[in-house]
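Colleague: I am new to reading protein models, and I would like to learn how each feature is read. Please take me through this one, a feature at a time.

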Amino acid sequence: MYVMIKTIKGHIFLEGRLRRRIYWPLTILYIGFIVGCGYLQSLSTGMLHEYELRLALGFIALSVLLLSFSAGVLRLHDTDRSGFSYFIFLLPIVGGLILLLFLCQKGSEGTNRFGPAPGLATSQKNKHNSC
């Protein structure tokens, strides 16, 4: 429960770091949610209360998109880059490829300016509790 609350807090306040092992499954999950919302919106054509359903699904898709953005920022923090590096995708043609390269790189070892490595903080806490 503590880990889940800490992860949600990190996503909201853009604090901390996110390893590749966690980032890529999250990204696949987020893409699945967005595709699912789009599919449900296409099915809602001609239904009663179509407008309300599409609006609700749009808000869900927008919130998942914002969570995806925050996960990308935390992933960039793990590579010791600012979250503003995420906007490099706005460069035509090469921006998306550069961002993908940044997201695929191994995170920095130990502590960087955005905090301790996610695995390092947990292992140090466990060492302290085992004494």
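## Reading the model

Modeller: Let us begin with cysteine 104, which is partly exposed because its relative accessible area is 36%, where buried means under 20%, exposed means over 50% and partly exposed lies in between, using a 1.4 Å probe and protein chains only. This is a predicted model, in which local features need pLDDT of at least 70 and side-chain atom pairs count only at pLDDT 80 or more, while totals for chains, interfaces and linings use all residues. Residues are numbered from 1 along each chain as its sequence is written, and side-chain values use heavy atoms, with hydrogens and water left out.

Colleague: Is cysteine 37 buried or exposed, and how many disulfides does a search of the whole structure find?

Modeller: Cysteine 37 has 7% relative accessibility, so it counts as buried. A disulfide is read as a pair of cysteine sulfur atoms within 2.5 Å, and the search of the whole structure finds zero of them.

Colleague: How many helices and strands does the protein have?

Modeller: Both are read as DSSP runs numbered from the N terminus, with helices (H or I) of at least four residues and strands (E) of at least two. Here there are five helices and zero strands, so that, by this definition, the order from the N terminus is α-α-α-α-α. Of the 131 residues, 27% count as buried.

Colleague: Where is arginine 75 found, and which residues does arginine 75 touch?

Modeller: Contact means heavy atoms within 4.5 Å. Arginine 75 is found in helix H3, and at 0% relative accessibility it counts as buried. Leaving out residues up to four places away in sequence, arginine 75 touches several others, among them Leu18, Tyr23, Leu103 and Cys104. Across the protein, 67% of the contacts with a separation of 6 or more are between residues 24 or more positions apart.

Colleague: What is the value of phi at aspartate 80?

Modeller: The general idea is that most residues other than glycine have a negative phi. Aspartate 80, however, has a positive phi near 65°, and it sits in the loop between helix H3 (50–78) and helix H4 (95–104). With 80% relative accessibility isoleucine 93 counts as exposed, whereas aspartate 80, at 34%, counts as partly exposed.

Colleague: Which residues is aspartate 80 in contact with, leaving aside its neighbours within four places in sequence?

Modeller: Those contacts are with Ser108, Asn112, Arg113 and Phe114. The side chains of aspartate 80 and arginine 113 are joined by a polar contact of 3.2 Å, a term for a pair of N or O atoms within 3.5 Å in which, within protein, one must be able to donate a hydrogen and the other to accept it, and residues adjacent in sequence count only if both atoms are side-chain atoms.

Colleague: Where is isoleucine 34 found, finally?

Modeller: Isoleucine 34 is found in helix H2 (residues 20–43), and at 33% relative accessibility it counts as partly exposed.
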